[in-house]
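Here is a short briefing on one protein model. Please read it with the sequence and structure in view.

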Amino acid sequence: MKSKNLIQIKQFCVYHEIENTFITELNNYGLIQIIVDENEEYLEPEQLPTVEKMIRMHYDLNINFEGLDAIAHLLGKIEALQQNLNTVQNKLRLYEENQRE
């Protein structure tokens, strides 16, 4: 596995001054995925914005893991609804343009 594109969890936790167990709990709740390679745990770079958002919510706002799970679920729903809205708006725009012709 190409571990050079991955972020080692130990280093990430030291940098952010958090416990490794925080990342493990995020994984247990299904909020992130941990990649294990040669007995080392890694995060994919694409997960960094999500993990950093969770860190801020947990440590700055004192939101527990159940709350983080609920927030992540609701944010996912909002994103899906926004994508659906954009699709419908684009279709409506095309329909309106065709009606003018």
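**Sheet**

3 strands make up an open sheet, ordered E1-E3-E2, with antiparallel pairing. Strand E1 (7-8) and strand E2 (35-37) stand at the edges with a single partner strand each, so one side of each has no neighbour in the sheet. This is a predicted model: local features need pLDDT of at least 70, side-chain atom pairs count only at pLDDT 80 or more, and totals for chains, interfaces and linings use all residues. Residues are numbered from 1 along each chain as its sequence is written, and side-chain values use heavy atoms, with hydrogens and water left out.

Terms for the elements:
- Helices (H or I, at least four residues) and strands (E, at least two) are DSSP runs, numbered from the N terminus.
- Two strands pair if DSSP finds at least two bridges between them.

**Strand pairing**
- E1 and strand E3 (residues 40-43) pair in the antiparallel sense over 2 bridges.
- In that pairing, Gln8 stands opposite Tyr42 in E3.
- E2 and E3 are also antiparallel, over 3 bridges.
- Val36 has Glu41 in E3 as its bridge partner.
- The hairpin of E2 and E3 has 2 residues between the strands, and Glu38 takes a positive phi near 50 degrees there.

**Helix H4**
- H4 (residues 65-100) has 36 residues.
- From first C-alpha to last, H4 reaches 52 Å, close to the 52 Å expected at 1.5 Å a residue (1.5 Å times one less than the number of residues).
- Phe65, Gly67 and Leu68 of H4 are buried (under 20% relative accessible area, 1.4 Å probe, protein chains only).
- The buried residues of H4 pack against helix H2 (20-28) and helix H3 (48-61).

**Largest pocket**
- A pocket is an open set of points on a 1 Å grid over the protein atoms alone, where a 1.4 Å probe fits, with protein on both sides within 12 Å along at least five of seven lines; lining residues have an atom within 4 Å of a point.
- The largest pocket has a volume of about 220 Å³ (the space filled by probe spheres set on the points).
- H3 and H4 are the elements that give two or more residues to its lining.
- H3 gives the most, with 3 residues.
- Among the lining residues are Gly30, Leu31, Ile32, Gln47, Ala72 and Leu75.

**Gln47**
- Gln47 lies in the loop between E3 and H3.
- Gln47 is buried, with a relative accessible area of 12%.
- Leaving aside neighbours within four places in sequence, Gln47 is in contact with Ile32 and Gln33 (heavy atoms within 4.5 Å).

Note on methods. Buried means under 20% relative accessible area, exposed over 50%, partly exposed in between (1.4 Å probe, protein chains only).
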